[in-house]
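User: Hi! I am new to reading protein structures and would like to learn how to look at rings and disulfides. Could you walk me through an example?

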Amino acid sequence: QVHLVESGGGLVQPGGSLRLSCAASGTIFRIYTMGWYRQAPGKQRELVAAITNGGSTNYADSVKGRFTISRDNGEKTVYLQMNSLKPEDTAVYYCNANWRPPVGAPYDYWGQGTQVTVSS
């Protein structure tokens with residue numbers, strides 16, 4: 001069982017920055033692909049950024065150049081640095097841990113979410 005706890009959300013003005021953190025417990029953190037997703041009211045949950053156990057990253061087109069995902073395997077934490085925030089970035093942000101073993105079903109865990117609101 002994996003337990004994920006997000007923090008760092010809040011209210012920020014357009015153009016501002018926030019740093020989200022997701023702390024994991026109860027797992028071999030380093031083997032998991034970690035991701036940040038977001039869900040705005042009335043919209044589907046979407047991938048924002050992900051980082052593999054090898055450190056490869058990918059980003060949604062809407063956040064490229066503004067957001068940076070990173071991980072600290074020793075601290076079992078993944079981060080999302082968000083710069084140049086826009087009102088359309090407003091959403092609940094969720095942390096995800098995913099691992100596909102060679103055999104059997106994938107392991108997939110979610111945090112409880114943290115609200116990010118970008119507004120003047």
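This is a predicted model: local features need pLDDT of at least 70, side-chain atom pairs count only at pLDDT 80 or more; totals for chains, interfaces and linings use all residues.

User: How do I read the pair of tyrosine 32 and tyrosine 109: stacked, tilted or edge-to-face?

Analyst: Look at the angle between the ring planes: under 30 degrees counts as stacked, over 60 as edge-to-face, and the rest as tilted. Here the planes stand at 55 degrees, with the centres 6.3 Å apart, so the pair is tilted. Tyrosine 32 sits in the loop between β3 and β4, while tyrosine 109 belongs to strand β10, 77 residues apart.

User: Which is it for tyrosine 32, buried or exposed?

Analyst: Buried means under 20% relative accessible area. Tyrosine 32 has 5%, so this residue is buried. Tyrosine 109, at 15%, is buried as well.

User: And what kind of pair do tyrosine 37 and tryptophan 110 make?

Analyst: Their planes are at 65 degrees and their centres 4.9 Å apart, so this pair is edge-to-face. It also links distant parts of the chain, with tyrosine 37 in strand β4 and tryptophan 110 in strand β10, 73 residues apart. Tyrosine 37 is partly exposed at 23% relative accessibility, and tryptophan 110 is partly exposed at 36%.

User: Which residues do ring pairs link into a cluster?

Analyst: The cluster consists of Tyr32, Trp99, Tyr107 and Tyr109.

User: Where does the charged end of arginine 45 sit?

Analyst: A charged group can sit over the face of a ring, and that is what to look for here. The charged end of arginine 45 is over the ring of tyrosine 94, 3.8 Å from its centre. Arginine 19 lies over the face of tyrosine 79, 4.0 Å from the ring centre.

User: Which cysteines form a disulfide?

Analyst: Searching the whole structure gives one disulfide. Cysteine 22 and cysteine 95 form it, with their sulfur atoms 2.1 Å apart. Cysteine 22 is in strand β3 and cysteine 95 in strand β9, 73 residues apart, so the bond links distant parts of the chain. Both cysteines are buried.

User: Why is this disulfide called left-handed?

Analyst: The torsion about the S-S bond of cysteine 22 and cysteine 95 is about -85 degrees, so the disulfide is left-handed.

Terms used:
Residues are numbered from 1 along each chain as its sequence is written. Side-chain values use heavy atoms; hydrogens and water are left out. Rings of Phe, Tyr and Trp (its six-membered ring) pair if their centres lie within 6.5 Å; planes under 30 degrees apart count as stacked, over 60 as edge-to-face and the rest as tilted. Helices (H or I, at least four residues) and strands (E, at least two) are DSSP runs, numbered from the N terminus. Buried means under 20% relative accessible area, exposed over 50%, partly exposed in between (1.4 Å probe, protein chains only). A charge sits over a ring if NZ of Lys or CZ of Arg is within 6 Å of the ring centre and within 35 degrees of the ring normal. A disulfide is a pair of cysteine sulfur atoms within 2.5 Å.
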